[in-house]
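Please look at the sequence and the structure below, and keep both in view while reading the paragraphs that follow.

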Amino acid sequence: MTRTRRDRTAERAALQAAAERLLAGTPLHSTSGKLTTTELIAESGLRRDVVYEHRDLVDFFKAHAKAQRQVPHATQALVDRVACLKAELLDAKAHLQRERETSVYLRRIIAELSIELDSCQRRTGLTLPFSRCSQ
């Protein structure tokens, strides 16, 4: 079985492109977008041993990641937006819960009033035009 020759130029290009995407905050394959070597490997799609053969590119990436304080600006904006949306979601869930409790309370009142109305109609023999009994 013949092994295909590795294209080191293509590997370097893939690694550089992955580093640029991560540093810009626009990853395609990374799950978290964090500026770590593990995420660089995932983003590049190369094997770990292949990536570490291009140590200069890995060091370049680490230096730029450290300069950005480990969080790209675009990623930080998304993290902030996610936190804001989570807070809005919690507020919406609390509001929905209050509305559901009010709905349950109102359904109970309607049921009790309906029973009272039926009872009154039976005692008096009168039916109202909007009652269920007259339909």
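Asp59 is partly exposed, with a relative accessible area of 38%, where partly exposed lies between buried (under 20% relative accessible area) and exposed (over 50%), computed with a 1.4 Å probe on protein chains only. This is a predicted model, in which local features need pLDDT of at least 70 and side-chain atom pairs count only at pLDDT 80 or more, while totals for chains, interfaces and linings use all residues. Residues are numbered from 1 along each chain as its sequence is written, and side-chain values use heavy atoms, with hydrogens and water left out.

Side chains of opposite charge can pair when their charged atoms come close. A salt bridge is counted when a side-chain nitrogen of Lys or Arg lies within 4 Å of a carboxyl oxygen of Asp or Glu, and by this rule there are seven salt bridges. In one of them the side chain of Asp59 meets that of Arg55, at 3.7 Å from N to O, and because these two residues are four residues apart in helix H4, about one helical turn separates them. Helices here are DSSP runs (H or I, at least four residues), numbered from the N terminus.

Another salt bridge joins Glu53 and Arg6, whose closest N and O atoms are 2.5 Å apart. This pair links distant parts of the chain, since Glu53 is in helix H3 and Arg6 is in the segment before H1, 47 residues apart. Arg6 also meets Glu11 in a salt bridge of 2.8 Å, N to O; Arg6 is partly exposed at 34% relative accessibility, whereas Glu11 is buried, with a relative accessible area of 8%.

Which residues of H4 are buried? They are Leu57, Val58, Phe61 and Ala65, and because they cover an arc of only 100° around the axis (taken from the directions from the helix axis to the C-beta atoms), they lie on the same side of H4. The face turned away from this buried side carries the exposed residues Lys66 and Ala67. The buried residues of H4 pack against helix H1 (8-24), helix H2 (37-44) and helix H3 (48-53).

Terms used
Contact = heavy atoms within 4.5 Å.
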